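Let's take a friendly tour of this protein model, stopping at some loops and helices along the way. Keep the 3D view open as you read.

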Amino acid sequence: MEKVVSGIRPTGKLHLGNYFGAIKNFLRMQEENNCYFFIADFHSLTTHPTPEDLHGNVRQVLAEYLATGLDPEKAVIYIQSDVPEITELYLLLNMNAYVGELERCTSFKEKVRKQPDNVNAGLLTYPTLMTADVIIHKAAKVPVGKDQEQNLEMMRTFARRFNRMYQVDMFPIPTAYNFGQALVKIPGLDGSGKMGKSEGEGNAIFLSDEPKAVRKKVMRAVTDAGPTQMNQQKPEAIQNLFTLMDVVSEKETLEFFDEQYNSCKIRYGDMKKQLAEDMIKFTEPFREKINQLKADDKYLHKVAEMGAEKARASAAATLKEVRDVIGFRKF
Ligand code: TRP
C-alpha cells in the first residue's frame with residue numbers, strides 16, 4: 001500500500017463543496033492506501049490565532065472530519081503539533097532552503113501583497129514545513145488541489161536536495177495523488193462560482209448548518225426571470241441550482257425540475273424549497289454526528305492520542321536515520 005500524507009488546515013467549517021471535493025476522495029483513499037491525515041495547526045500559527053481559537057478550530061475540524069467518515073482505524077489521524085519530530089526535520093530542511101527560492105513562491109508573494117504587515121518567517125518557510133510533514137513518513141503521494149501544486153514542486157525539490165546532499169536514497173520524491181475520476185465542483189449560492197470561494201454569508205451550505213439556516217440560504221440564491229424558450233440553455237446561476245440538486249436530490253426530482261425548466265413552466269420558488277429540504281436531509285446526519293463528537297472529549301482525546309502514537313513511531317524512525325546521515329553522533 002502506498003503511503004499518502006495530507007494536511008488539513010484548521011480553518012472554518014466544512015461545506016458541501018469540501019464534502020464532494022476533498023472529503024469523498026479522502027474516504028476512498030483511506031480504503032486503498034496507508035493514509036496519514038493531520039490537522040496542520042503549526043501552519044495555522046502564521047495567522048496568529050488566540051489560544052482559544054486555535055484549540056477550538058482544531059476541535060471543530062477534527063470532529064467534522066470524523067463525522068464525515070474519516071476512520072482512525074483505517075488512517076492515521078493526528079494533530080501536527082503532537083509530533084515534535086516534524087519540527088526538527090523542518091529546522092534541518094530550512095538549512096538547505098534558499099531565501100530566494102522561498103520568496104519566489106506564488107503563495108508567499110500573494111501573502112506579502114495581501115497582508116504586508118504580517119510577513120513572518122513562518123509564511124516564508126511554509127513550503128519547508130509542508131515538506132517535513134510529508135517526507136517525515138517517507139510518503140510517496142500527496143493529494144493536492146490546483147492551489148497546492150507549487151508547494152508539491154517545492155517538496156520535491158527539498159526531498160531531492162537532501163538525498164543528493166547526503167548521497168542517500170532516503171526520501172521518495174513525492175508525487176500528486178491521482179484522484180482518477182474528475183473532481184465534482186460544487187457551485188456557491190451567491191453566483192460567485194465555487195462554494196466557499198467567497199466569504200459572503202449565504203454562499204456556502206455547511207454540514208453543521210441548522211435546517212433554518214439552510215432554508216434561508218437556498219431561498220436567497222440568485223435566479224432570473226425564468227426561461228422564455230423551450231429547451232434553452234441554462235444561465236450560470238440556474239445551472240448552479242441544478243448542479244446542487246444533482247448531488248443532494250433523487251434522480252427523479254432533478255429530472256422533474258429539468259423538465260419544468262425545459263417546458264418553461266418552472267417555478268424557482270418550488271425548486272428551491274425542494275432543494276433546501278433535500279440538502280437538510282443530506283446534511284442532517286452529519287450535523288448530528290458533529291455535535292455529538294464535539295461534545296465527546298473522551299473520544300476526541302482517544303483518537304488524537306492513538307493517531308499521535310502511530311505518527312510519532314513513523315516519524316521517529318525517519319528522524320533517527322536523518323540525524324545519522326547528517327552527522328549527529330553520540331559521544
Ligand atoms: N497547505 C495545505 C493547505 O493549505 C495544508 C497542508 C499542510 C498540507 N501540510 C501539508 C497538505 C502536507 C498536504 C501535505 O491546504
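Predicted model: local features only at pLDDT ≥ 70, side-chain atom pairs only at ≥ 80, totals over all residues.

Although His 48 is not a glycine, its phi is positive, at about 55°. Most residues other than glycine have a negative phi. His 48 has a relative accessibility of 53%, and because the cut-off for exposed is over 50%, His 48 counts as exposed.

Now look for Cys 264, in the loop between helix 11 (251-262) and helix 12 (268-294). Cys 264 is not a glycine either, and its phi is positive at about 60°. With 30% relative accessibility, Cys 264 counts as partly exposed.

## Helix 8 and its neighbours

Helix 8 covers residues 149-165, which makes 17 residues. From first C-alpha to last, helix 8 reaches 24 Å, close to the 24 Å expected at 1.5 Å a residue.

Which residues of helix 8 are buried? Among them are Leu 152, Met 155, Phe 158, Ala 159 and Phe 162. The buried residues of helix 8 pack against several elements, including helix 4 (99-103), helix 7 (126-135) and helix 13.

## Helix 3 meets helix 13

Helix 3 (residues 85-94) packs against helix 13 (residues 297-326) at an angle of about 30°, and their axes are 9 Å apart. The two helices are therefore roughly parallel to each other, and their crossing is left-handed.

On the helix 3 side, the contact involves Glu 85, Glu 88, Leu 89 and Leu 92. Their partners in helix 13 include Arg 312, Leu 319 and Ile 326. By class, this contact has seven nonpolar, no polar and four charged residues.

Technical notes. Residues numbered from 1 in each chain as written. Heavy atoms only, no water. Axes fitted to C-alpha atoms, helices over the stretch in contact; angles between N-to-C directions. Helix = DSSP H or I, 4+ residues; strand = E, 2+ residues; numbered from the N terminus. Parallel < 35°, antiparallel > 145°, perpendicular 65-115°, else oblique. Left-handed = near helix turned anticlockwise from the far one by under 90°. Contact = heavy atoms within 4.5 Å. Nonpolar A, V, L, I, M, F, W, Y, C, P; charged D, E, K, R; others polar. Expected span 1.5 Å × (residues − 1). Buried < 20%, exposed > 50% of the residue type's maximum accessible area, 1.4 Å probe, protein only.
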